[in-house]
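Please examine the sequence and the three-dimensional structure shown below. The paragraphs that follow lead through them step by step.

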Amino acid sequence: MKIKQSIAVLTTFAIVCVALLCMPAIGQKNARLTDPEIASVAVTANQIDIEYAQIARKKSKNADVLKFAETMAKDHQSVIDQAVVLVTKLGVTPKDNATTKSFLAGATKTKAMLNSKKGNAFNKAYIDNEVAYHKAAINEVEKVLIPDATNSELKSLLQSALPLFKTHLEHAEMVQKEFNK
Amino acid sequence: MANTYSILKNSTYLLCLIFLLNSCTSTPEKPVHKVEKAIHKVYNVEIKQMQFQPAELTLQKGDTVVWTNRDIVTHDVTEEKNKLWTSGPFAPGQSWSLVVTESADYYCSIHVVMKGRLIVE
């Protein structure tokens, strides 16, 4: 009986230990991003899409893809410019974080994939990625960046960028239909 | 002689009568060339949150529409079907106007999913 009780106590102790060990990781995952971290994510995410557009402008000959890539390069640069003006005004230095690193790691793989393709295969890969990337960016802005932002001007800039990204997604999906016929 | 005198007298009476009658009637109005000056209106369309607001306008021929860019990126306003007119790119904070002569569907040629309509009655 005593042995059984001891086993039960040890099991409970082990479960509690595992739970306690897991807590910091869970806490970290759910930690709110600070404004400097949000600024870093916003600038990085926009910069990545400019880099995808630069690849498209080099590799594609499709008028719709080129037009879309030109719009992405200009619009995302415009968002970066406004973010830089804002962080300069606020005296905030963008700070790298897990989300920024995750975006950058994904971008390295995607750029390698895009650079390995040619012709229509490239056009399809580029526009498919634009659809997926904008969906992910919209989700991040809507569910994480806007709720976490504490500075009202930063929050407002993110809120203004959201309809822009949604329009980009709609535009990308329109071009995508051309390659899915 | 008396007959001549009588004729002159009657003629004088007749002339006086004609003069009096003429005086009593109202003078005809001078023709007035009425210039129909239509009052043309000015309508404002704001470009914000990646939409033309309002997206549809019903107006009269000769009315003016002023588009103002309240977004964070450059836009344009372009007639969609035949590219009959376009504003060219205009930056945030800038405006562009058009005197409307016919109905048109228009769009932003930079963000092709943004669309608007002008209906001339």
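Two strands pair if DSSP finds at least two bridges between them; helices (H or I, at least four residues) and strands (E, at least two) are DSSP runs, numbered from the N terminus. The structure is a predicted model, in which local features need pLDDT of at least 70, side-chain atom pairs count only at pLDDT 80 or more, and totals for chains, interfaces and linings use all residues. Residues are numbered from 1 along each chain as its sequence is written, while chains are lettered from A and ligands numbered from 1 in the order in which they are written.

In chain B, four strands form an open sheet of mixed pairing, in the order β2-β1-β4-β6. Because β2 (51-53) and β6 (95-99) of chain B stand at the edges with a single partner strand each, one side of each is left without a neighbour in the sheet. Strand β4 (residues 64-69) of chain B runs antiparallel to β6(B), and five bridges join them. B:T64, for example, has B:V99 of β6(B) as its bridge partner.

Chain A contains helix α6 (residues 152-179), whose 28 residues should span 40 Å at 1.5 Å a residue; its end C-alpha atoms are 41 Å apart, which agrees. The expected span is 1.5 Å times one less than the number of residues. Among the buried residues of α6(A) are A:L154, A:F165 and A:V175, where buried requires 20 or more other C-beta atoms, placed from the backbone, within 10 Å of the residue's own.

Terms used:
A residue is buried if 20 or more other C-beta atoms lie within 10 Å of its own, exposed if 12 or fewer, and partly exposed in between; C-beta atoms are placed from the backbone.
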